[in-house]
Amino acid sequence: MSRLPAIAANASPGALATPAVQGLAPYLPGKPVDELERELGIRNIIKLASNENPFGASPKAIAAARDSLASCGTYPDGSGHHLKQKLAALHGVSAPQITLGNGSNDVLVLLAEAFLAPGLEAVYSQYAFAVYPIAVQATGATCRSVAALQSPQPMALGHDLVAMQAAISAQTRLVFVANPNNPTGTYVEPAELLQFVRAVPRHALVVLDEAYFEYSRSIPLQNGIEWLADCPNPGDRQNIRQGLRPGGTPHRLRS
Ligand SMILES: Cc1ncc(COP(=O)(O)O)c(C=O)c1O
């Protein structure tokens, strides 16, 4: 076993965290709405940067949550058997293809933990979702942030798939593509995305983050689930990642 660094007798618990975790810059969520309303003297703010429902939770979700309280004296079914069956029928996939998480954020972290380690790499675009670098860095893997497209290109600030492909090395295990992306609102055309997915080598998984798929009806977005049956990389067929938010809005991450 290699020698561990000495820990000072008065070290704080934080000093015991791995160097990768100690180097993390925390994710900064926006201010709470009531604080912002007070600060700016305005009302009825809707936070578009957070996945919150300005219409409130669905009454069906509230009723289901209430019903489930009756059985809170026992452990819940951690495998989400019934939920997976319903989601599988809804999306036309099999239940083992689905991984549930506490929000798709949770699934991103699971993916990083499962596929990354020091010495391995993950590729993502410069202005892609802020959690990618945090999830990757926490594992001790290397972040390969690829410069975004520049103005006057129509998808300026968006993913440069050609450059991302070039950034994939023998050490790459995950390639994150947020489609559409948050916070830039950019997206990649289906044909370009398919070409990219086909070109990614078998030792790397494409994590197609479609958290905002349902909100993007006016743009030509590919539904990644349609590609699973016929995906060039067999690993893709085995992995649909589905996170559920407490409000019940499905967020999809597919790899
Ligand atoms: C691109 C993208 N993916 C994933 C997430 C995580 O979403 P949630 O954990 O609310 O499901 C977000 C949240 O803003 C996002 O913008």
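**Helix α6 and its surroundings**

In helix α6, which spans residues 131-138, the residues Tyr132, Ala135 and Val136 are buried. Viewed down the axis of α6, the buried residues fall within an arc of 95°, and therefore they line one face of the helix. The model under discussion is a predicted one.

The next matter is what this buried face meets. The buried residues of α6 pack against helix α5 (104-115) and against the strands β2 (121-125), β3 (142-146) and β4 (172-178). Just after α6, Gly140 takes a positive phi of about 85°.

Two packed helices are described by the angle between their axes and the distance between the axes. For α5 and α6, the angle is about 35° and the axes are 8 Å apart. The crossing in which α5 passes α6 is right-handed. On the α5 side, the residues that take part are Asn105, Leu108, Val109 and Ala112, and in α6 they meet Val131, Tyr132, Ala135, Val136 and Ala138. Sorted by class, this contact of α5 with α6 comprises eight nonpolar residues, one polar residue and no charged residues.

The loop between β2 and α6 contains Ala128. Is Ala128 buried or exposed? A residue is counted as buried if 20 or more other C-beta atoms lie within 10 Å of its own. Ala128 has 25 C-beta neighbours inside 10 Å, and so Ala128 counts as buried. Leaving aside residues up to four places away in sequence, Ala128 touches Phe176, Ala178 and Asn181. Ala128 and Thr186 are 58 residues apart in sequence, while their C-alpha atoms are 9.6 Å apart in space.

Gly41 follows α2 and has a positive phi, near 70°.

Finally, the confidence of the prediction should be considered. The protein averages a pLDDT of 86, and 89% of the residues score at least 70. Over residues 233-251, however, the pLDDT is below 50. Beyond near neighbours in sequence, this stretch has 51 contacts in the model. Where pLDDT is low, the predicted coordinates should not be read in detail.

Key
Residues are numbered from 1 along each chain as its sequence is written. This is a predicted model: local features need pLDDT of at least 70, side-chain atom pairs count only at pLDDT 80 or more; totals for chains, interfaces and linings use all residues. pLDDT is the predictor's confidence in each residue, from 0 to 100. Two residues are in contact if their C-beta atoms, placed from the backbone, lie within 7 Å. Helices (H or I, at least four residues) and strands (E, at least two) are DSSP runs, numbered from the N terminus. A residue is buried if 20 or more other C-beta atoms lie within 10 Å of its own, exposed if 12 or fewer, and partly exposed in between; C-beta atoms are placed from the backbone. The arc is that of the directions from the helix axis to the C-beta atoms. Axes are lines fitted to C-alpha atoms, for helices over the stretch in contact, and angles run from 0 to 180 degrees between N-to-C directions. A crossing is left-handed if the near helix is turned anticlockwise from the far one by less than a right angle, and right-handed if clockwise. Ala, Val, Leu, Ile, Met, Phe, Trp, Tyr, Cys and Pro count as nonpolar, Asp, Glu, Lys and Arg as charged, and the others, Gly among them, as polar.
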